[in-house]
Amino acid sequence: MTVIPVVYVKGQYNHLIARRLQELGVDSQLVPPSTPLSKLEAMGADALVMGGGPQSVRSLDSLPQELKEASDLMRQTKLPMLCICVTHQLMATTFGGKTNLARKPEFGPVEVYVNEEDTILQGLKPSFTAWESHNDEVVALPPSFKALASSENCKIQAMRHEVRNVFGVEFHPEVSHTPKGVDIFKNFLAAIG
Amino acid sequence: MINNKSSTGGTVASGERLSVAVQGFHPSSFLTSETARLEKAVSTGKAIAAVSGGVDSTVAALVAKKALGDRLSPIFIDTGFLRAGEPEEVKSRLADSAIGLRVRLVRAGGRFLEGVKGQSAAEEKRKKFRETFYQVLGEEAKRDGCEYVVQGTIAPDWIETQGGIKTQHNVLQQVGIDPLTSFGFKIIEPLSELYKDQVRLLGRHLNLPNDMSQRQPFPGPGLLVRCIGNVSKTKLGVLKSSTKIIEEKLGPFNYEQYFGAVIENRFVKDPAYKKLQETAAAALGLPAPETPVDVFEDRVTGVKGDDRAYGRLAGIKIREDSRETLGWLPEKLRHAQSTIVEGMPEITRVAVLVKERRGGPPLSVIVRAVSTRDFMTAAVAPVPWKILKDIAESILKSGDASRVYYDISPKPPGTIEFE
């Protein structure tokens with residue numbers, strides 16, 4: 001059985017991520033971002049999914065404790081990762097990109113346009129409806145990352161590392177109002193399988 | 001405190017719970033393990049269950065009854081914030097042989113109203129309600145010689161309370177309140193790891209009649225949190241009669257949740273809101289003079305960027321003749337709603353005026369209907385315009401209110417309830 005711990009960073013929907021993964025037959029439970037690599041290894045983790053949260057990411061020096069820990073975890077782990085919303089922003093910032101206040105925030109239904117059907121967005125062209133809830137956004141990609149999707153208000157709705165199976169999405173694939181969200185988890189599972 | 005989460009309960013130092021067990025949910029095996037856990041926890045003791053007739057508390061009581069039999073005393077607390085005729089109806093429904101819960105009715109309406117007197121902020125109202133609720137429950141538990149209280153807390157309740165989105169009346173230990181020292185009893189929450197759809201499945205498995213297992217949620221504090229801002233007997237009265245109309249007309253549509261709220265027609269006179277009229281006009285493709293926007297004084301709950309947003313409600317008015325020509329405009333209104341909320345951080349919700357009656361009492365009724373699977377996100381229900389108009393006309397005819405609106409905010413940025 002595939003094992004994918006969900007890194008809990010205080011978001012409302014973090015529990016739903018584990019639920020969606022469990023529905024796909026994955027052994028998934030929430031773990032705190034302070035979980036040591038050795039423990040993840042002992043759990044037999046095949047990948048990590050990191051959830052959203054209410055925090056704001058500006059610089060790596062001023063992160064709240066749980067995001068500081070999540071940032072360290074991202075840097076240290078070699079596991080495939082899917083990071084959602086605030087941890088998508090955190091990942092961009094951790095690897096040398098930038099997060100700032102969104103020109104226009106997005107709440108509720110948003111049409112996400114797929115520029116590249118790469119891995120996690122397989123089969124989702126030309127666009128799909130996703131639910132969002134963010135005041136901030138990734139404004140500069142980190143080196144070795146490329147953008148995969150965008151919306152009218154937000155240029156980087158999804159990104160990936162050019163080589164590693166490391167992905168970030170601004171929208172929430174885990175909520176039931178993102179009908180194609182489950183495809184994103186399935187694609188992620190296929191990529192790491 | 002009983003730790004009935006030990007099989008799955010990842011906890012961290014702060015005492016926050018992390019894990020919800022949902023993997024392949026099977027009602028029968030859940031029931032077997034949960035009743036065994038309850039038997040062990042309560043041992044030879046007695047428990048009281050506060051049942052509201054809602055699916056969560058009813059299913060929780062049924063699970064406890066399976067485990068404890070006659071050592072469970074179910075009660076129904078009439079908080080005064082219930083719908084017209086609800087306490088008696090629920091009591092007789094629960095006594096049905098199919099359900100078999102004989103509840104004792106505890107009338108405490110006066111105490112609850114006294115408890116929230118002078119409070120207008122949503123969180124304060126919820127906290128005062130919680131205090132009265134547990135005081136009453138503690139007294140009743142003592143009276144019946146019960147040291148345990150069974151309640152129907154489900155996962156989203158404590159997720160939202162812990163996340164600071166809103167205080168659910170039934171969440172204590174997850175936010176660091178020890179019920180034993182505060183109120184004199186221990187709490188048992190058989191459903192605290194389940195989501196609504198799983199509770200409904202469990203209800204069906206326990207032979208709960210369909211109309212009860214599928215019953216739409218009704219908040220613990222009831223009409224209190226649908227009386228936006230200050231609570232008064234007048235507002236409660238308007239809410240009770242409007243709720244009856246709304247439930248009758250929307251019932252056949254099977255939306256997951258539909259209800260009304262009442263708010264006073266007091267508006268913010270801030271010049272910054274002037275431009276909302278133009279924002280709405282541009283989104284709707286109408287001239288600005290035809291789309292005035294009012295911003296209500298009383299605040300309403302929302303959730304933006306995963307964080308609680310206690311902000312303002314904007315009401316768009318579309319001139320009657322443009323409305324008749326253009327119809328419902330759901331797509332354009334959706335656009336207007338998102339543009340307003342994105343452009344003005346302090347606005348969390350947008351409603352559209354269905355009908356008004358000049359010179360009526362200075363109160364508005366807001367109709368809310370959503371579709372949702374797990375109550376974590378919600379979409380605005382596409383109620384036919386004709387039905388909304390019927391509802392508005394019936395409410396206005398009673399002379400209780402002067403305006404009827406329809407809330408067009410999804411969750412996020414709105415929440416399902418208003419407070």
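This is a predicted model: local features need pLDDT of at least 70, side-chain atom pairs count only at pLDDT 80 or more; totals for chains, interfaces and linings use all residues.

Biologist: Fine. Which residues of H14(B) are buried?

Modeller: Leu388(B), Ile391(B), Ala392(B) and Ile395(B). Down the axis of H14(B) they fall within an arc of 95°, so they line one face of the helix; that arc is taken from the directions from the helix axis to the C-beta atoms. Lys386(B) and Lys397(B), on the other side of H14(B), are exposed.

Biologist: And how are helices and strands picked out?

Modeller: They're DSSP runs numbered from the N terminus: H or I with at least four residues for helices, E with at least two for strands.

Biologist: What do the buried residues of H14(B) pack against?

Modeller: Helix H10 (233-250) and strands S10 (347-356), S11 (363-371) and S13 (403-407), all of chain B. Contact means that the C-beta atoms of two residues, placed from the backbone, lie within 7 Å.

Biologist: How far apart are the end C-alpha atoms of H14(B)?

Modeller: 18 Å, which agrees with the 18 Å that its 13 residues should span at 1.5 Å a residue. The expected span is 1.5 Å times one less than the number of residues. After H14(B) comes Gly399(B), with a positive phi near 75°.

Biologist: Now H10(B). What covers its buried residues?

Modeller: The cover includes strand S6 (257-264), S11 and H14 of chain B. Among the buried residues of H10(B) are Leu236(B), Leu239(B), Thr243(B) and Ile246(B). H10(B) has 18 residues and reaches 25 Å from its first C-alpha to its last, close to the expected 26 Å.

Biologist: Switching topic: what are the domains of chain B?

Modeller: Domain 1 is 27-215 and domain 2 is 227-407, with bounds from an automatic or database domain assignment. Their centres, taken over C-alpha atoms, are 31 Å apart. In chain B, 12 residues of domain 1 are in contact with 15 residues of domain 2.

Biologist: How many residues does the contact between chains take from each?

Modeller: 27 from chain B and 30 from chain A. H13(B) gives the most to the chain B side, with three residues.

Biologist: And chain A itself, how many helices and strands?

Modeller: Five helices and nine strands. The radius of gyration of chain A is 15 Å, close to the 16 Å that the globule rule gives for 193 residues, so chain A is as compact as a globular protein of that length. That radius is taken over C-alpha atoms, and the rule is 2.2 Å times the number of residues to the power 0.38. Buried residues make up 54% of chain A.

Biologist: Last one: where is Asp144(B)?

Modeller: In the loop between helix H5 (122-143) and strand S4 (148-150) of chain B. Asp144(B) is partly exposed, with 14 other C-beta atoms within 10 Å. Not counting residues up to four places away in sequence, Asp144(B) touches Lys46(B), Ile48(B) and Ser73(B).

Key
Residues are numbered from 1 along each chain as its sequence is written. Chains are lettered from A and ligands numbered from 1 in the order in which they are written. A residue is buried if 20 or more other C-beta atoms lie within 10 Å of its own, exposed if 12 or fewer, and partly exposed in between; C-beta atoms are placed from the backbone.
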